[in-house]
Structure formats: C-alpha cells, structure tokens
Amino acid sequence: MPAATKVSVKPGKLLIDGQWVDGSKKFNTINPATEEVLAEITEASPADVDRAVEAARRAFEDRNGLWRKLSASERGRLIWKLADLIEKNIEELAELETLDNGKPIFESRYVDMPMVIDVLRYYAGLATKIHGETVNTFETAFTYTLREPVGVVGLIVPWNFPLLLASWKLGPALACGNTLVLKPAEQTPLTALKLGDLVIEAGFPSGVVNILTGGPETGKAIVTHPGIDKIAFTGSTAVGKEIMRGAADTLKRVTLELGGKSPNIVFADADIDNAVKGAINGIFYGKGEVCNAGSRLFLESKLKDDFTEKLVARASKMRPADPLDPKTRLGAIVSQEQMKTVLGFIEAGKSEGAKLVSGGNRTSVNGGKGFFIEPTIFGDVKNDMRIAQEEIFGPVLSVLTFDDIDEVIERANNNPYGLAAAVWTRDVKKAHMVSRRLKAGTVWINTYGLMDAALPFGGYKSSGFGRELGAHAIEHYTELKTVWLNMG
Ligand code: NAD
C-alpha cells in the first residue's frame with residue numbers, strides 16, 4: 001500500500017494576466033509510482049500563448065503600470081515574499097512534486113524545495129545589486145552603461161526538477177525586471193500550478209508571471225512567438241537544438257541547459273569509501289534522471305575489483321520503494337516512456353558486450369503498479385559503447401577503467417557532452433590539474449553533485465550555453481545599453 005497523500009490535487013487551469021482560465025484541450029498527469037491519474041490539465045493553445053504574451057508585454061511596457069513603477073528593492077521584496085509563501089507551503093509542494101515525478105519525498109522535501117527557497121532569496125537580494133558603470137572616455141563626454149531587462153521571457157523546463165529548475169529562471173528574470181511566461185513539462189505540471197496560486201497571493205502585478213501548461217506544441221508556440229524576447233530552456237539536447245532553430249527567425253536570446261554524460265574519475269590514491277558513496281549518490285540520486293548524473297565511472301585499473309564489489313553491495317541495498325515513504329531513496333521513473341528508454345539502454349549495454357554486475361530489470365513495489373527499475377551497474381564498458389556515450393537519464397552506471405592520467409582525461413573529454421565531472425584523489429595538485437583539463441561546466445573534487453544558489457551552473461559543448469545561478473545569470477536576463485552625453 002502506498003503511503004497516504006495529504007494533498008488534494010485539483011484540475012489545472014492556465015494563469016494568464018493574473019486570472020486562472022480554462023481551455024478546451026486537456027491531458028492527464030499521472031503518478032508514475034501507481035500509474036493513477038492525478039489530475040486533468042489544460043493544454044495551452046497558440047491562442048492562449050498569444051494572450052499570455054500580450055499580458056506579459058503589457059505588464060512590461062506600461063511605464064505607468066504597477067510592475068514598472070516598482071523599485072528594484074520592492075521587486076526584491078516581492079520575490080522574497082514568494083519564497084516565504086513557498087516555505088509556508090513546503091509540505092504540500094514537496095508532496096505534489098513527488099506524486100507527479102516519482103522522486104522520493106526525502107529529496108523533494110529536504111533538497112529541491114529548500115533550494116527553490118534559497119534561489120529565490122538569493123535573487124531577491126540581487127535585485128538591488130544590478131547596475132551599469134560609468135566609463136572614462138573623453139574629457140568632453142559622460143559615458144555610462146545601463147543594465148535593462150530584456151523584456152518578455154519564455155521559461156521552458158523539464159520534468160526532473162520541475163519547481164527547482166523553474167526557480168533558477170524565475171528568480172533572475174524577475175529580479176532584473178522582466179515579465180514572463182513559464183511552461184512546465186507536461187509530465188510534471190502540478191508544482192508550477194501551485195506556484196501560480198502563490199504568485200497571486202504574494203501580490204505580483206497581473207501579467208508579470210503567466211503559467212501555461214502543455215507539451216511540445218505549447219513550447220513551440222512560445223519559442224516562435226514574436227512577442228517573446230528571450231527563451232531560457234532546460235531539457236534535452238535534441239529539443240535544445242530545435243529551440244535554437246525555432247528562435248532564429250525572431251532572433252531571440254537563448255540560454256540552453258541541456259543533457260550530460262558526466263565522468264566521475266577515481267584515482268587509486270582517493271579515500272575509497274567516500275568515493276564509493278560519491279559514485280552511488282552521483283548516479284542513483286534522483287533515480288539517475290539528473291542532468292549532471294555521474295553516469296560514467298572511470299576507475300584506476302587496480303581499484304576495479306574491490307571498488308566494484310563495494311558498489312554492488314551498496315546498490316543491492318537500494319531497493320526502489322514508495323516515493324511517499326520518508327525512508328525511500330530510490331523512487332519511480334517519471335513515465336512509462338522514460339522507463340522504456342532506460343530499459344532499451346540496458347538491453348543495448350548487454351548486446352554490446354558490457355558486463356551486467358547489478359540490477360538490470362523493471363521491478364515492482366509491493367506487487368503494485370508503477371515504473372520502477374533496479375539500480376543497475378555495468379562493468380567492462382568501452383568508451384565507444386552507447387551506454388558510455390549517450391545520456392540514459394535513469395539509474396544505470398557504466399564503469400570503465402584506466403591506467404594513465406592523460407588517457408583518462410582524453411577519454412573523459414571524448415564525449416559530446418560537457419556538463420559536469422568529478423575527480424577523487426588525495427593529491428591536491430593532481431586534482432586541480434585534472435579539473436583544468438576537463439571540458440565541463442562544473443568539476444567536483446572529492447564530492448559529487450553539490451550546488452549552491454551563488455555558484456554558476458551550465459555546460460560546455462552539447463550540454464548547452466549560458467550559466468544559471470549566481471550573479472552571472474543576470475547577464476542573460478538584461479541588455480547592456482551604452483549612453484553618450486556630449487559635454488563639449
Ligand atoms: P525535453 O527536452 O523533452 O523537454 C523539456 C521541455 O521542453 C518540456 O517542457 C517540453 O514540453 C518542452 N518541449 C519539448 N519539445 C519542444 C519543442 N520542440 N519546442 C519547445 N519546447 C519543447 O526534456 P525532458 O525529457 O523533459 O528532460 C530531460 C532532459 O533535460 C535531459 O536531457 C536532461 O539532461 C536535461 N536537463 C538538463 C539540465 C541542465 O541544467 N543542463 C537540468 C535538468 C535536465
């Protein structure tokens with residue numbers, strides 16, 4: 001029996017210009033741990049996108065409107081208030097995220113939601129610290145720069161960290177004075193809908209935050225809409241490329257946070273027990289549906305047998321379980337489609353000759369329904385196998401071995417992605433040298449997966465471009481204007 005839910009899930013509408021409105025097309029969002037329908041959700045049509053963009057444009061352009069009249073400090077206070085309301089509703093939001101995505105409630109309640117709050121508070125504080133500069137040019141001129149909001153921003157987010165990844169975009173977009181249209185993924189719309197209620201309660205002026213549920217068609221209408229100035233996207237590399245092409249005609253600004261196949265490199269001089277924990281956490285946290293999952297584990301050859309034995313011992317204790325149970329550490333795969341993709345990769349690993357050392361099967365929890373996969377580990381993986389090159393986005397670890405430092409750097413970099421990487425060693429010089437040579441947006445040394453609202457996150461190569469979090473994100477949500485005053 002799954003643990004009882006405390007939240008009531010209501011049918012989803014669209015938030016346009018401060019009002020919840022209905023639409024004619026509907027789809028269901030389901031609980032991946034039980035396969036039950038959670039709620040009927042409205043799919044925003046191109047006409048709904050038009051209305052939302054018009055509302056956002058009005059709120060942005062109207063110089064006498066409420067949004068434009070707010071000072072940076074007042075904008076910051078509104079964002080802070082939203083963070084407070086999220087904190088007040090944290091149990092409900094965490095539960096909605098777990099019901100919709102299948103992730104353990106432990107993760108939603110103690111990792112995702114606290115970081116959402118932290119990120120919003122970080123950008124609430126940053127709202128008053130966005131500034132241009134005066135520049136010395138000629139004696140007869142006064143020259144300076146202004147940082148102005150870009151305008152109307154389209155935020156498109158995936159299903160793996162639904163509210164968290166929305167907050168990474170919403171925080172800086174609002175701090176800089178933009179207005180926006182947010183589209184959550186069709187698999188996980190529930191927390192974005194609850195966010196809409198909290199945006200209204202916080203007192204954001206109508207039209208500043210619009211929330212449109214729907215799938216790729218709604219996304220495309222946002223990407224191609226001439227009234228939108230910038231797209232901030234997190235999702236797959238394939239869709240990222242489509243978005244770049246779709247945004248070209250209207251020359252929108254685009255930031256893309258895409259997929260990954262992050263190398264986790266363990267040298268023989270590392271603290272082995274910590275490295276084992278890091279490797280397990282790196283791939284099985286979030287069911288492996290994590291953009292920066294440590295899905296390629298490179299072990300120095302002499303470590304192989306002992307390390308693999310320890311990995312398997314830990315993995316075999318991680319049974320998938322009811323996501324609502326606070327003790328659960330491995331939940332349900334987000335959808336049937338994603339489960340099939342992951343099982344397809346497991347078959348590919350077997351047929352390409354990798355050695356299955358743990359897991360490898362669909363499983364059930366207490367004999368019930370739901371999309372669960374055992375934590376899976378492949379040994380003897382070669383760099384050119386699909387399971388070493390492609391993003392699986394599930395609880396599947398590929399273990400490779402190496403003998404030489406140059407060789408492992410070359411192989412770690414020999415992959416289209418470049419989102420993150422980790423190095424485990426007690427040798428400080430080696431750790432820094434390897435970190436510099438890895439083509440990745442984030443490198444962890446003797447840890448895995450740490451994040452902070454103040455530190456930039458983003459990718460090299462096919463993992464996208466632009467950085468989210470930290471002060472650098474402000475550059476992506478502002479235009480830089482130069483002003484010349486003739487004093488001659
Ligand atoms: P996806 O690309 O299929 O979908 C992401 C979002 O884009 C959804 O809201 C979807 O409805 C929308 N969309 C789909 N097609 C579209 C189109 N043609 N035009 C506009 N919008 C469209 O990704 P997903 O399967 O939901 O998420 C998994 C992917 O996200 C993985 O590749 C993962 O690595 C990546 N991801 C990256 C990061 C990061 O920070 N780099 C973080 C989390 C997830």
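Is Glu35 buried, partly exposed or exposed? In this predicted model, where local features need pLDDT of at least 70, side-chain atom pairs count only at pLDDT 80 or more, and totals for chains, interfaces and linings use all residues, Glu35 turns out to be partly exposed, at a relative accessible area of 28%. Residues are numbered from 1 along each chain as its sequence is written, and side-chain values use heavy atoms, with hydrogens and water left out. As for the wording, buried stands for under 20% relative accessible area, exposed for over 50%, and partly exposed for what falls in between (1.4 Å probe, protein chains only).

Glu35 sits in the loop between strand 3 (26-30) and strand 4 (37-42). Its phi is positive, about 65°, although Glu35 is not a glycine. Lys461, another residue other than glycine, also has a positive phi, near 50°. Lys461 belongs to strand 22, which covers residues 460-461, and is partly exposed with a relative accessible area of 37%.

Now for the whole protein. There are 16 helices and 24 strands, both taken as DSSP runs numbered from the N terminus (helices are H or I with at least four residues, strands E with at least two). The radius of gyration is 23 Å, close to the 23 Å that the globule rule gives for 488 residues, so the protein is as compact as a globular protein of that length. That radius is taken over C-alpha atoms, and the rule is 2.2 Å times the number of residues to the power 0.38. Along the principal axes, the C-alpha trace spans about 75 × 60 × 40 Å. Of the contacts with a separation of 6 or more, 74% join residues 24 or more positions apart; a contact here means heavy atoms within 4.5 Å.

Turning to the inside, 58% of the 488 residues are buried. In soluble globular proteins, nonpolar side chains tend to be buried together. The largest nonpolar core holds 84 residues, and Leu82, Phe204, Val266, Phe307 and Leu311 have the most contacts inside it. Helix 5 (residues 105-126) supplies the largest share of this core, 10 residues. Apart from it lies another core, of 28 residues, with Ile265, Phe345, Val381 and Leu438 among them. Such a core is a set of buried Ala, Val, Leu, Ile, Met, Phe, Trp, Tyr and Cys residues joined through side-chain atoms within 4.5 Å. Leaving aside neighbours within four places in sequence, Phe204 touches Trp67, Leu78, Ile79, Leu82, Leu174 and Val199.

Helix 5 also contains Tyr110, which counts as exposed at 54% relative accessibility.

What about the outside? The accessible surface comes to about 20300 Å², and carbon and sulfur atoms account for 52% of it; areas come from the Shrake-Rupley method with a 1.4 Å probe, and for residues only the protein chains shown count as cover. Phe142, Leu485 and Met487 form a nonpolar surface patch, with about 280 Å² of accessible area together. Phe142 is part of strand 6 (residues 141-149) and is partly exposed at 35% relative accessibility. Thr145 lies in strand 6 too, but is buried, with a relative accessible area of 12%. Beyond its neighbours within four places in sequence, Thr145 is in contact with Gly132, Glu133, Leu480, Lys481 and Thr482.

Key
Patches are made of residues with over 30% relative accessible area and no salt bridge: like charges are joined within 9 Å, nonpolar side chains (Val, Leu, Ile, Met, Phe, Trp, Tyr) within 5 Å. A salt bridge is a side-chain nitrogen of Lys or Arg within 4 Å of a carboxyl oxygen of Asp or Glu.
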